[in-house]
Amino acid sequence: MLTYISGGQRSGKSRYAQDLALQHSPNPVYLATSRAWDDDHRQRIARHVADRDARWTTLEEEKYPSRLALAGRTVVLDCVTLWLTNFFADAEYDVDTALEQAKAEFDKLLLLDCNLLVISNELGMGLHATTDAGRKFTDLQGWLNQHIAQRADRAIFMVSGLPLVVK
């Protein structure tokens with residue numbers, strides 16, 4: 001089962017996904033995809049870690065979550081935006097390469113027999129990026145979000161902490 005949860009920054013995506021995961025499993029997996037890019041980001045990571053209690057297993061994988069033993073587990077992948085950033089940076093900001101690699105890895109992840117809750121940002125609904133790289137990434141994120149949403153069994157859009165069922 002794939003549940004896709006998207007929304008803007010601080011819309012309540014992570015909290016909603018974690019609550020939903022605990023409804024499905026007493027011991028869910030939190031799959032962290034982020035690289036610690038700077039001090040601010042390390043603080044954000046620490047806040048997310050503090051949000052989870054001993055019921056959670058935390059796994060970290062920057063690019064290839066399909067390699068993990070996730071069969072039979074309920075997994076919260078948090079988040080696509082940070083995961084995709086890793087592909088974009090490693091592809092030297094080539095949108096086509098990053099999108100191809102991320103789609104291929106995501107499709108491999110779907111082959112695992114797990115209950116997957118995927119969190120992603122809707123970047124195109126926010127401020128217009130002021131740099132070329134920012135605009136490219138916003139497009140890249142939108143295309144990957146579409147790829148994921150098309151494969152989802154359920155899609156939830158978060159607005160101000162409220163879940164709106166889209167699919």
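Glu92 is exposed, with a relative accessible area of 68% (exposed means over 50% relative accessible area, buried under 20% and partly exposed in between, with a 1.4 Å probe and protein chains only). Glu92 sits in the loop between H3 and H4, where helices (H or I, at least four residues) and strands (E, at least two) are DSSP runs numbered from the N terminus. Its phi is positive, near 55°, and Glu92 follows H3. Between the C-alpha atoms of Glu92 and Gln141, 49 residues apart along the chain, there are 16 Å.

A word on the source: this is a predicted model, in which local features need pLDDT of at least 70 and side-chain atom pairs count only at pLDDT 80 or more, while totals for chains, interfaces and linings use all residues. Residues are numbered from 1 along each chain as its sequence is written, and side-chain values use heavy atoms, with hydrogens and water left out.

| Residue | Loop | Relative accessible area |
|---|---|---|
| Glu92 | between H3 and H4 | 68% |
| Arg73 | between E3 and E4 | 25% |
| Leu127 | between E5 and H5 | 83% |

Arg73 counts as partly exposed, and Leu127 as exposed. Which residues does Arg73 touch, not counting residues up to four places away in sequence? They are Asn27, Pro28, Val29, Thr57, Asp113, Cys114 and Asn115, a contact being heavy atoms within 4.5 Å. With Cys114, Arg73 is 41 residues apart in sequence and 5.2 Å apart in space, C-alpha to C-alpha. For Leu127 and Ala152, 25 residues apart along the chain, the C-alpha atoms are separated by 27 Å.

**The overall fold**

The protein has 5 helices and 7 strands, and from the N terminus on its elements run β-α-β-α-β-β-α-α-β-α-β-β. The radius of gyration is 15 Å, close to the 15 Å that the globule rule gives for 167 residues, so the protein is as compact as a globular protein of that length. That radius is taken over C-alpha atoms, and the globule rule is 2.2 Å times the number of residues to the power 0.38. Along its principal axes the C-alpha trace spans about 45 × 35 × 30 Å. Of the 167 residues, 44% count as buried. Among contacts with a separation of 6 or more, 75% come from residues 24 or more positions apart.

**Cores and helix H3**

The largest nonpolar core holds 28 residues, of which Leu116, Val118, Leu140 and Leu144 touch the most other members. Such a core is a set of buried Ala, Val, Leu, Ile, Met, Phe, Trp, Tyr and Cys residues joined through side-chain atoms within 4.5 Å. Two or more residues of this core come from each of strand E1 (2-7), E2, strand E4 (74-78), H3, helix H4 (95-110), E5 and H5, and H4 gives the most, with 6 residues. Apart from this core lies another, of 13 residues, among them Ala21, Ala32, Val76 and Ile156.

Leu140 touches Leu84, Phe88, Val95, Ala98 and Leu99, not counting residues up to four places away in sequence. Leu84 and Phe88 are also among the buried residues of H3, as are Val80, Thr81, Trp83, Asn86 and Phe87. The cover over the buried residues of H3 includes E4, H4, E5 and H5.

**Pockets**

What is the volume of the largest pocket? The largest pocket comes to about 1000 Å³. On a 1 Å grid over the protein atoms alone, a pocket is an open set of points where a 1.4 Å probe fits, with protein on both sides within 12 Å along at least five of seven lines, and lining residues have an atom within 4 Å of a point. Grid points are joined across faces, edges and corners, and a volume is the space filled by probe spheres set on the points.

Of the 45 residues that line the largest pocket, Arg44, His48, Cys79, Leu82 and Asn121 are the closest to its centre. H2 provides the largest share of this lining, 7 residues.

The second largest pocket has a volume of about 270 Å³. Among its 13 lining residues, the closest to the centre are Leu123, Ala133, Gly134, Phe137 and Thr138. H5 gives the most to this lining, with 4 residues.
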